[in-house]
Amino acid sequence: MQSLPQQLREFVSGWGGRVLQCNAEGCAGTRRAWQRISTGAGSVCVHGLRYCFPQCFERELRRRFDHTQLARGARRRPAHRMPLGLLMLSRGRLTDSQLRHALEEQKLHPGRRIGECMQRLGYVSEPQVIAALATQWCCPVLKALPQRIVECGVPMSFLKNFHMLPVHFSVVSRTLHLAFAGDVEYPALLAIEKVLDCKTEACLTTPSGLQAAFQRVDKQIACVEKEFEGARGAKEMTRITVSYVGRLGADDVRIAACGEIVWVKID
Ligand SMILES: [Zn+2]
């Protein structure tokens, strides 16, 4: 039979280990486990790692927000293996003079992509452009988007910003499939993998198909996300997040930055 102090010690170390184990370097909390239990202080995870709330949690959040600020703005268009016009030409979809004409059109409208120019001139169809883009990106083409999109927890504003929609989630391989209508935004896919802790696969679909799907989604999904506009520093983002976590009694926070967007998922 265990003595009462022994039982108490085991209870404290068991409970303290689960609730108070803190991943912060130089944390004083774990050494004062009994004191923290008596004051009712808890802990919250950041990307699955536990920290004392609020001090160590706040420090870890601030460190991660500082890091995301450094990583922001890195959104360059990758170089393709073969220009789209040349690819269409080699496939016999386009003649030499048609390609020259399309390139002249593009010079007159600098914001326009070459695929759109060829299409506007009536030389190629939308599915033909997407098929050529799919070759460039080494992605499959999705001919029709599902009527309902997968509700996977990626904020609508994030999806709209990168012109992509989740179309399927494979439970077995934990892979989220997302449809794009032009450029595949790999930094956005990496952000999704980081926050949702899953794999991602890209596929391509037509711009008109994607636009119609977005219109359906706007009617389908009730908004549970909060958006803060304007540039905010790491300090303010930390303060807002800590305040939400405290109010919601949340247990896990995940953060990813992509382009100008910082995505914070609070569970
Ligand atoms: Zn701590």
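Q: Which atoms are the protein donors of the zinc ion?
A: The donors are C22 (SG), C27 (SG), C52 (SG) and C56 (SG). They lie 2.2 to 2.3 Å from the zinc ion. Keep in mind that this is a predicted model.

Q: What arrangement do the four donor atoms make around the zinc ion?
A: The arrangement is tetrahedral, because the donor atoms subtend angles of 103 to 118°. For reference, the ideal angle for four tetrahedral donors is 109.5 degrees.

Q: What spacing do the donors follow along the chain?
A: The spacing is C-x4-C-x24-C-x3-C. C22 and C52 link distant parts of the chain, 30 residues apart. C22 is in the loop between α1 (4–20) and α2 (33–39). C52 is in strand β2 (residues 49–52).

Q: Is that pair buried or exposed? C22 first.
A: C22 counts as buried, because its relative accessibility is 13% and the cut-off for buried is under 20%. C52 is buried too, with a relative accessible area of 4%.

Q: And A28, where is that?
A: A28 is also placed in the loop between α1 and α2. A28 is partly exposed, at 29% relative accessible area. From A28 to C52 the C-alpha to C-alpha distance is 9.6 Å, and the two are 24 residues apart in sequence.

Q: Switching to packing. Which residues touch the most other members in the largest nonpolar core?
A: F158, M164, L165, I192 and L204 do. The core has 50 residues.

Q: Where does this core lie?
A: The core lies between domain 2 (84–137) and domain 3 (139–225), because both give residues to it.

Q: What does M164 touch?
A: Leaving out residues up to four places away in sequence, M164 touches F158, L159, L178, A179, F180, A188, I192, L210 and F214.

Q: What does the second core include?
A: The second core is separate and has 18 residues, including V44, Y51, C52 and V242. C52 is also one of the zinc donors.

Q: What about T68? Which helix holds it?
A: T68 lies in helix α3 (residues 55–71). T68 is buried, at 5% relative accessible area.

Q: What does the T68 side chain reach?
A: The T68 side chain reaches the backbone oxygen of F65, at 2.7 Å. T68 is also in contact with I255 and A257, with neighbours within four places in sequence left aside.

Q: Now backbone geometry. Is the F53 to P54 peptide bond cis or trans?
A: The F53 to P54 bond is cis, with omega near 5°. P54 sits in the loop between β2 and α3.

Q: Which residues should I look at for positive phi?
A: C138 has phi near 55°, and R174 has phi of about 45°. Most residues other than glycine have a negative phi, and most peptide bonds are trans.

Q: Where do they sit?
A: C138 is in the loop between α7 (126–137) and α8 (156–161), and is exposed at 58%. R174 is in the loop between β3 (164–170) and β4 (175–180), and is partly exposed at 40%.

Q: Whole chain, quickly. How many helices and strands?
A: The chain has eleven helices and seven strands. Buried residues make up 40% of its 267 residues. Among contacts between residues at least 6 apart in sequence, 62% join residues at least 24 apart.

Key: Residues numbered from 1 in each chain as written. Predicted model: local features only at pLDDT ≥ 70, side-chain atom pairs only at ≥ 80, totals over all residues. Heavy atoms only, no water. Donors = N, O, S within 2.8 Å, 3.2 Å for Na, K, Ca; no water. Tetrahedral: all angles 85-135°; square planar, octahedral: opposite > 155°, others 65-115°. Helix = DSSP H or I, 4+ residues; strand = E, 2+ residues; numbered from the N terminus. Buried < 20%, exposed > 50% of the residue type's maximum accessible area, 1.4 Å probe, protein only. Core = buried A, V, L, I, M, F, W, Y, C linked by side-chain atoms within 4.5 Å. Domains from an automatic or database assignment. Contact = heavy atoms within 4.5 Å. Polar contact = N/O pair within 3.5 Å; in protein donor to acceptor, adjacent residues only side chain to side chain.
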